2 protein chains.
Amino acid sequence: MAAIAFHFSPPSFCYSSPSLQNSSYSSLSRLRFSCSVSSSVPQHGGRTGFMEFPYVSAPHKDLMVDLVSTVETRLESFLNPCNLPPDVQSCQNSTGTAHASIHLRSGVQSSVIDFILGSWLHCELPSGGALNITSLSAYLNSSTDAPNLLVELIQSSPTSMVLILDLPPRKDLVLNPDYLKTFYEDTHLDQHRQHLEKLSEVRPYFSSSLYIRSVASPTAILVLIETERLEEMIKTHVSPIAKEVLKTWLDICVFGERRVDETEKAYLKKRDEMSKSKTIEIDLGSNLPRLFGHETANRVLEALREVF
Amino acid sequence: MAAIAFHFSPPSFCYSSPSLQNSSYSSLSRLRFSCSVSSSVPQHGGRTGFMEFPYVSAPHKDLMVDLVSTVETRLESFLNPCNLPPDVQSCQNSTGTAHASIHLRSGVQSSVIDFILGSWLHCELPSGGALNITSLSAYLNSSTDAPNLLVELIQSSPTSMVLILDLPPRKDLVLNPDYLKTFYEDTHLDQHRQHLEKLSEVRPYFSSSLYIRSVASPTAILVLIETERLEEMIKTHVSPIAKEVLKTWLDICVFGERRVDETEKAYLKKRDEMSKSKTIEIDLGSNLPRLFGHETANRVLEALREVF
């Protein structure tokens, strides 16, 4: 799910940097490879580095810190520690133009959590300026059929941001209207999308990948925000909505009890696996080499295939 | 599928006529009840009446006639005649403020066609002006898993129209990426949506029903067109695209051969039935009485449940 990000590549970014147009950052956030770290970029060791969000504005950082802290506080007893090596928790490419931090915590076996994943990416653009992406996603395991969580903020200029905020469903909604009712209608999730839709600075955004579009829920917030007052927009509109969606996910999806029989478990496993493998293929197949070179890309793809 | 229409109720219509805000016209097009026909409205007997599209502009009528003719010509050997009684093929409400025509042809048993359905509705609005909806939809049976067809033009004012143009999938696309590739990627259907997206008079439209949103494909054209030159827009942009989408549906979905085994057939039957019954429930439950009164609504609902 976190892989949705690059497929909603902001137009301004696409146009200014065609070679990165279809690149796919979010996949980075699942990597288990070690990146080399040069001395030209400030190093952020371990957990501290991830929570620093050093390249984004204060309201953007505040939001991400709040979301990650909320998840980790409420799910603390469900989560294993992040056991990525420090040079994976903070890494960059060989030229120092891309810098990323990854934070991954798997769920303990008795929990409903598969893993949670936080990340940020800073990438200098050939045209000048930079791309900054921050994300938080969470995957549940097959002991529940409840939706996953996806939050991503993709900023390609000081005045332009793509916001992705969704609880992607884990069942076919056409065949499962009760599931739709429980997780999307009764939770009134669409009110947030409607709120943003009314703002003149906001318009719908479409992923270039049809598969990624298919993965989204009917209440998914997939929008492009263009404004001279982006920080204010984050504080006033994006943050309250993201916090509300996270609260819904925690209350209803994580802590709402679901009964899943063996047939359903097998179905969920199959669908989750398909969704993850397709997302990796779409994200990394052609995009990762553009950001990190072929050698790293191959190492990453191999490592990822082991994980999934 | 045809039932999507009213859930994409144009804002201008919604605002001018709150009582009809959630009404659902498309369902009318599936009715088997006989409507009383008063002398105050021109009567359109049988087939001629349906193909007249008497309340819409010339380009709008031309498009609908072209689409229906194309479908009936290419599928002629697959279709039974329309056997609705004349007073169902053209009907209206007791006050004469709503007038509709319905054209339904089921598929012959050896074909892949379940039924095709054409319709138009003219409805006077309390605020003055009128709502005009025209639609063409086609449902395939479980001998194929190929997508259905849906075309609807919903005009609530001389300068405002909602266009719905889709090949709604009949499988969960997340679990079936090959299906997505065959019917949506390889057919380049998204180019049409992208073309419209670039026009300043066009913006995305969201159904008020989350279920109806779930039914749509990732390349669905669900847009609101607002312009003083609506007829020109239909001629220049809407018509060519609608004809292309129909051609894709005929070539790839109807005449593209698909192998469906017994397990898949059972799945398709279940999903199709769920989709149809939910659509009826959403469309007609509260909306039909608003347009035709409770007595007619009940008769219609009973008749519909028999058909589906």
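**View 1. Helix 3 and helix 8 of chain B.** In chain B, the axes of helix 3 (residues 58–74) and helix 8 cross at roughly 10° and come within 9 Å of each other. Axes are lines fitted to C-alpha atoms, for helices over the stretch in contact, and angles between N-to-C directions run from 0 to 180 degrees. Helices (H or I, at least four residues) and strands (E, at least two) are DSSP runs, numbered from the N terminus. Helix 3 of chain B and helix 8 of chain B are therefore roughly parallel to each other; angles under 35 degrees count as roughly parallel, over 145 as roughly antiparallel, 65 to 115 as roughly perpendicular and the rest as oblique. Helix 3 of chain B passes helix 8 of chain B in a right-handed crossing. A crossing is right-handed if the near helix is turned clockwise from the far one by less than a right angle, and left-handed if anticlockwise. Among the residues of helix 3 of chain B that meet helix 8 of chain B are P59(B), L63(B), L67(B) and R74(B); helix 8 of chain B contributes residues including I234(B), V238(B), S239(B) and L246(B).

The model is predicted: local features need pLDDT of at least 70, side-chain atom pairs count only at pLDDT 80 or more, and totals for chains, interfaces and linings use all residues. Residues are numbered from 1 along each chain as its sequence is written, chains are lettered from A and ligands numbered from 1 in the order in which they are written, and side-chain values use heavy atoms, with hydrogens and water left out.

**View 2. S239(B) in helix 8 of chain B.** S239(B) is part of helix 8 (residues 230–254) of chain B. Is S239(B) buried or exposed? With 8% relative accessibility, S239(B) counts as buried. Buried means under 20% relative accessible area, exposed over 50%, and partly exposed in between (1.4 Å probe, protein chains only). Neighbours within four places in sequence aside, S239(B) is in contact (heavy atoms within 4.5 Å) with P59(B), L63(B) and I234(B).

View 3. Strand 1 (residues 90–92) and strand 2 of chain B run antiparallel and are joined by three bridges; two strands pair if DSSP finds at least two bridges between them. S90(B) stands opposite S101(B) of strand 2 of chain B. Five residues lie between strand 1 and strand 2 in this hairpin of chain B, and G96(B) in the turn has a positive phi of about 75°. Strand 2 of chain B also runs antiparallel to strand 3 (residues 113–124) of chain B, with nine bridges joining them. Here A100(B) stands opposite L121(B), and a hairpin of six residues joins strand 2 of chain B to strand 3 of chain B. Eight of the nine residues of strand 2 (residues 98–106) of chain B are buried, so this strand is largely enclosed by the rest of the structure.

**View 4. The sheet of chain A and two helices on it.** Chain A has nine helices and eight strands. An open sheet of eight strands in chain A has the order 1-2-3-4-5-6-8-7, with antiparallel pairing. Its edge strands are strand 1 (90–92) and strand 7 (202–204) of chain A, each of which pairs on one side only. On average, neighbouring strands of this sheet are turned by 15° against each other, direction ignored. Strand 3 (residues 113–124) and strand 4 (residues 130–140) of chain A are antiparallel and joined by 11 bridges; I113(A) has L140(A) as its bridge partner in strand 4 of chain A. Helix 3 (residues 58–74) of chain A lies across strands including strand 2 (98–106) and strand 5 (149–157) of chain A, and runs at about 15° to strand 4 of chain A. Helix 6 (residues 190–197) of chain A also packs on the sheet, where it touches strand 6, strand 7 and strand 8 (221–226) of chain A.

**View 5. G129(A) in a loop of chain A.** G129(A) sits in the loop between strand 3 and strand 4 of chain A. At 57% relative accessibility, G129(A) counts as exposed. The C-alpha atoms of G129(A) and V71(A) are separated by 32 Å.
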